[in-house]
Amino acid sequence: MTMRICAAITLLSTLALTPHTASAADEAAEYWFNPSVSLDLDEDTGVELETAQRFRREADGRPDTYFARLWLNQALASNVTLGAALERRINDGAAHETRLIQQLSTRHGILRTRLRLEQRFVESADSTGLRLRPRLGLALPVTEDQRLQFKTDAELFLTLRSTSDGGDTGITGLRTQIGFGYEINPRLSVSAAYLRQQDIRDRRPDTVGHAPVIGVEFSL
């Protein structure tokens, strides 16, 4: 490995494991489940139905969240994919939301990048939210056949326009995770990770969620 790759591994692992709390933070435990199914339309184009169930303790005052995203993905090169999605998000006891998403994903050896742009339509909100989410990650083969991989990434949430008048803008969140993915066969993969989600808020304590994440990916 080059020194640059070693530095990237150190940086991402540190981001994934080190608390990034402000002077005070409201912390809580969560559980996330992320099943998805995909279908190739041709060698460069595919569709994917991604779902998620995020369970939280009612006593923490945070709603359980469920969403489904329908993706259309287009490979621009062997290591570059452009995607667009329509998402519907249900928040128990809170406003529901619809999102339009565009993203560009790349692979460079063990390095992974993703740049996502979201337009957020929250029920009864003052305006349409606009958010940019850059992510940098690593995928390191653990076994010679590369079916088992160590994965870690860090993602910033940059709010360009809030969904509420006077809402926070700028860096409003940081998501880090670290875990493993395993390819059971060419059609089925599973993953397990620890995720830390920090919502960064002006003039208020940050909120921090700690979640084990179980992922299941199936290709038709």
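Predicted model: local features only at pLDDT ≥ 70, side-chain atom pairs only at ≥ 80, totals over all residues.
**Exercise 1. Describe the overall make-up of the protein chain in terms of helices, strands and burial.**

*Solution.* Step 1. The protein chain contains one helix and eleven strands. Read from the N terminus, the order is α-β-β-β-β-β-β-β-β-β-β-β.

Step 1. Of the 220 residues in the protein chain, 36% are buried. The accessible surface amounts to about 12100 Å², and carbon and sulfur atoms contribute 59% of it.

Step 2. Among contacts with a separation of 6 or more, 46% are between residues 24 or more positions apart.

**Exercise 2. Identify which strands are joined by the salt bridges Arg 131 to Glu 118 and Glu 155 to Arg 133.**

*Solution.* Step 1. The side chains of Arg 131 and Glu 118 form a salt bridge with an N to O distance of 2.9 Å. Arg 131 belongs to strand E7 (residues 129-141) and Glu 118 to strand E6 (residues 111-122), so this pair ties together parts that are 13 residues apart in sequence.

Step 1. Both partners can be checked for burial. Arg 131 has a relative accessible area of 11% and is buried; Glu 118, with 0%, is buried.

Step 2. In the second pair, the side chains of Glu 155 and Arg 133 meet at 2.9 Å, N to O. Glu 155 lies in strand E8 (residues 148-161) and Arg 133 in strand E7, so parts 22 residues apart in sequence are tied together. Glu 155 and Arg 133 are both buried.

Step 3. A search of the whole structure gives 14 salt bridges. A network of salt bridges links twelve residues by name: Glu 50, Arg 69, Glu 87, Arg 89, Glu 97, Arg 99, Arg 114, Glu 118, Arg 120, Arg 131, Arg 133 and Glu 155.

**Exercise 3. Locate Asp 168 and state what its side chain reaches.**

*Solution.* Step 1. Asp 168 is found in the loop between E8 and strand E9 (170-185). Its relative accessibility is 17%, so Asp 168 counts as buried.

Step 1. The side chain of Asp 168 reaches the backbone nitrogen of Asp 202 at 3.1 Å. The side chains of Asp 168 and Arg 204 are joined by a polar contact of 3.4 Å.

Step 2. When neighbours within four places in sequence are left aside, the residues in contact with Asp 168 are Thr 159, Ser 162, Ile 200, Arg 201, Asp 202 and Arg 204.

**Exercise 4. State which residues make the nonpolar surface patch of about 460 Å², and describe the position of Leu 72.**

*Solution.* Step 1. The patch is made by Leu 39, Leu 41, Leu 72, Phe 218 and Leu 220.

Step 1. Leu 72 is part of strand E3 (residues 65-77). With a relative accessible area of 47%, Leu 72 is partly exposed.

Methods: Residues numbered from 1 in each chain as written. Heavy atoms only, no water. Patch = residues over 30% accessible without salt bridge, like charges linked within 9 Å, V, L, I, M, F, W, Y side chains within 5 Å. Areas by Shrake-Rupley, 256 points an atom, 1.4 Å probe, with all protein chains shown as cover. Salt bridge = Lys/Arg side-chain N within 4 Å of Asp/Glu carboxyl O. Helix = DSSP H or I, 4+ residues; strand = E, 2+ residues; numbered from the N terminus. Buried < 20%, exposed > 50% of the residue type's maximum accessible area, 1.4 Å probe, protein only. Contact = heavy atoms within 4.5 Å. Polar contact = N/O pair within 3.5 Å; in protein donor to acceptor, adjacent residues only side chain to side chain.
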